[in-house]
Amino acid sequence: MNRSQTGASSQELLARYQAAFMPNYGVPPVALVAGQGCLAWDADGRQYLDFIAGIAVSSLGHAHEALAEAVGEQVHSIVHTSNLFINEQEVLLAEELRRLLGGQGRVFLSNSGTEANECALKLAIKYGKSRGRGRGGRGYFVAAENGFHGRSMGALSLTGKQSIREPFGPFALDVRFVPYGDAQALAEAVTGECAAVFLEPTLGEGGVVPPPDGYLAAARQICDDTGALFVMDEIQSAIGRTGTWFAHQHDGVRPDILTLAKGLGGGLPIGACVGFGPAGELFAKGDHGSTFGGNPVACAAALAVLHTIEKEGLLGNAAEVGALLKDGLAALGHPLLAGVRGRGLWLGVVLAEPVAARVEAAARDAGFLVNAVQPNVIRLAPPLVVTAGQAGALVDAFPSILDAAKEG
Ligand SMILES: *Cc1c(COP(=O)(O)O)cnc(C)c1O
């Protein structure tokens, strides 16, 4: 089972990938063919402990029976209805999300994170127009430097990371960027002409950078004072990753619009945009849509994820094992280790030198999948089912991984 289905070796798959695909991802170093929990196997049968979970996506780990059953049952029942017809799974999922959000919010279902943010943007544009904001009639937007909101043209225009946005500018939307975590700068940037502020509760692609205490509450206040919508991009942080269903719950701050994706489907493609209060009622019939959005298979997967997180106590596991992992790494006292930041099972291991790519490769050689999210930061985002023993295995191996990276 833990081999490629066609018998191709890793080396062969890498070569064929290079010939068949556009070069936008480069050539990934490993071809994964199977998994079980936090374990994953490559095409040569090599075993890894997965500490990145497909970028915070595989929340239940690999091959979880509850997910397999839910998806299998749904595929045998009805795979697709389109939005010309209601499917029961989408209704159940929207209700479940509302329950987790205190019985509030109206939901739009998408297939990805960037699409969830496109929905939020269209809501914000409608809101700006209805309020006569800005000379263009829709107002401007504020987002964070080094923030990440996606790759489609609307979401990309909100993305602060220069290397990603620069090649595709200029953009049609007026987006103004502020340093993340600086409440004063945010207050100065947001006026009565601003339609919406887009923020992550912690920068994910930026290197798992939490804001100072009180920043999200200050952002909420600034939006309340100016009438701008507060859009919280929880695409990476939600669904238990930080030990609570949503990261913003740590701060007791409620956004006007919340976007979700990555961990929600446990690996099936699904995103959601939730509007609270008036923000949930902005669209008129025909304003937005998606052929695949609300797909019953993806919704069945998401329901299985939410139910399993509850049944298996995975919020508590994320908090506990996350703390063990963070404290264990922080206590290593290795000269290449500058610190560990983040919360729950969402950590940034900060290196004293920009050698994250070498640490990622050394970890892989030692049998651990991690991610060099920034030149000097390793991101850890294992499945929520990761055990204390598995976290301990990474902590134990980390000094020699760092040594190997230093020598490499
Ligand atoms: C991954 C991510 C996105 C984009 O999601 P896709 O599914 O890749 O389109 C947007 N915002 C944040 C915070 C993310 O982490």
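Visitor: Leaving aside its neighbours within four places in sequence, which residues is L186 in contact with?
Guide: This is a predicted model, and in it L186 is in contact with V142, V178, V197, L199, Y215, A219 and I222, once the neighbours within four places in sequence are left aside.

Visitor: And which residues touch the most other members of the largest nonpolar core?
Guide: L186 and L380 do, in a core that holds 88 residues. Helix α10, which covers residues 296–311, gives the most to this core, with ten residues. The core draws at least three residues from each of domain 1 and domain 2.

Visitor: What lies apart from it?
Guide: Another core does, made up of 22 residues, and among them are L121, A124, V175 and C273. As a general point, nonpolar side chains tend to be buried together in soluble globular proteins.

Visitor: You mentioned domains; how is the chain divided?
Guide: The chain is divided into domain 1, which takes in 10–63 + 313–407, and domain 2, which takes in 66–312. The centres of domain 1 and domain 2, taken over C-alpha atoms, are separated by 26 Å, and 28 residues of domain 1 are in contact with 31 residues of domain 2.

Visitor: Let's move to I257. Where is its place, and is I257 buried or exposed?
Guide: I257 has its place in strand β9, and I257 counts as buried because its relative accessibility is 0%. Not counting residues up to four places away in sequence, I257 touches A120, L123, L229, F230, V231, M232, C273, V274, G275, F276 and A279.

Visitor: How many residues apart in sequence are I257 and H307, and what about in space?
Guide: I257 and H307 are 50 residues apart in sequence, and from C-alpha to C-alpha they are 24 Å apart in space.

Visitor: What about the two faces of β9, which residues cover them?
Guide: Strand β9, residues 257–260, is covered on both faces, with I257 and T259 buried on one side and L258 and L260 buried on the other.

Visitor: Which strands does β9 pair with?
Guide: Strand β8, residues 229–233, runs parallel to β9 and is joined to it by three bridges, with M232 having L258 as its bridge partner in β9. Strand β10, residues 271–275, pairs with β9 in the antiparallel sense over four bridges, and there the bridge partner of T259 is C273. In general, strands of a sheet pair through backbone hydrogen bonds, either parallel or antiparallel.

Visitor: Why is β10 largely enclosed by the rest of the structure?
Guide: Five of the five residues of β10 are buried, so the strand is largely enclosed by the rest of the structure. Strand β4, residues 106–110, is joined to β10 by five bridges and runs antiparallel to it, and the bridge partner of L109 in β10 is A272.

Visitor: Switching topic, in what order do the four strands of the open sheet come?
Guide: The order is β1-β2-β3-β13, and the pairing is mixed. The edge strands are β1 (32–36) and β13, each of which pairs on one side only. β3 and β13 run parallel and are joined by two bridges, and L49 has F368 as its bridge partner in β13.

Visitor: How many aromatic pairs does the structure hold?
Guide: The structure holds four aromatic pairs. One of them is formed by F51 and F368, a tilted pair with 6.3 Å centre to centre and 55° between the planes. The pair links distant parts of the chain, 317 residues apart, with F51 in the loop between β3 (47–50) and α2 (53–56), and F368 in strand β13 (residues 368–369).

Visitor: Are F51 and F368 buried or exposed?
Guide: F51 is buried, and F368 is buried as well.

Methods. Residues are numbered from 1 along each chain as its sequence is written. This is a predicted model: local features need pLDDT of at least 70, side-chain atom pairs count only at pLDDT 80 or more; totals for chains, interfaces and linings use all residues. Side-chain values use heavy atoms; hydrogens and water are left out. Rings of Phe, Tyr and Trp (its six-membered ring) pair if their centres lie within 6.5 Å; planes under 30 degrees apart count as stacked, over 60 as edge-to-face and the rest as tilted. Buried means under 20% relative accessible area, exposed over 50%, partly exposed in between (1.4 Å probe, protein chains only). Two strands pair if DSSP finds at least two bridges between them. A nonpolar core is a set of buried Ala, Val, Leu, Ile, Met, Phe, Trp, Tyr and Cys residues joined through side-chain atoms within 4.5 Å. Domain bounds come from an automatic or database domain assignment. Contact means heavy atoms within 4.5 Å.
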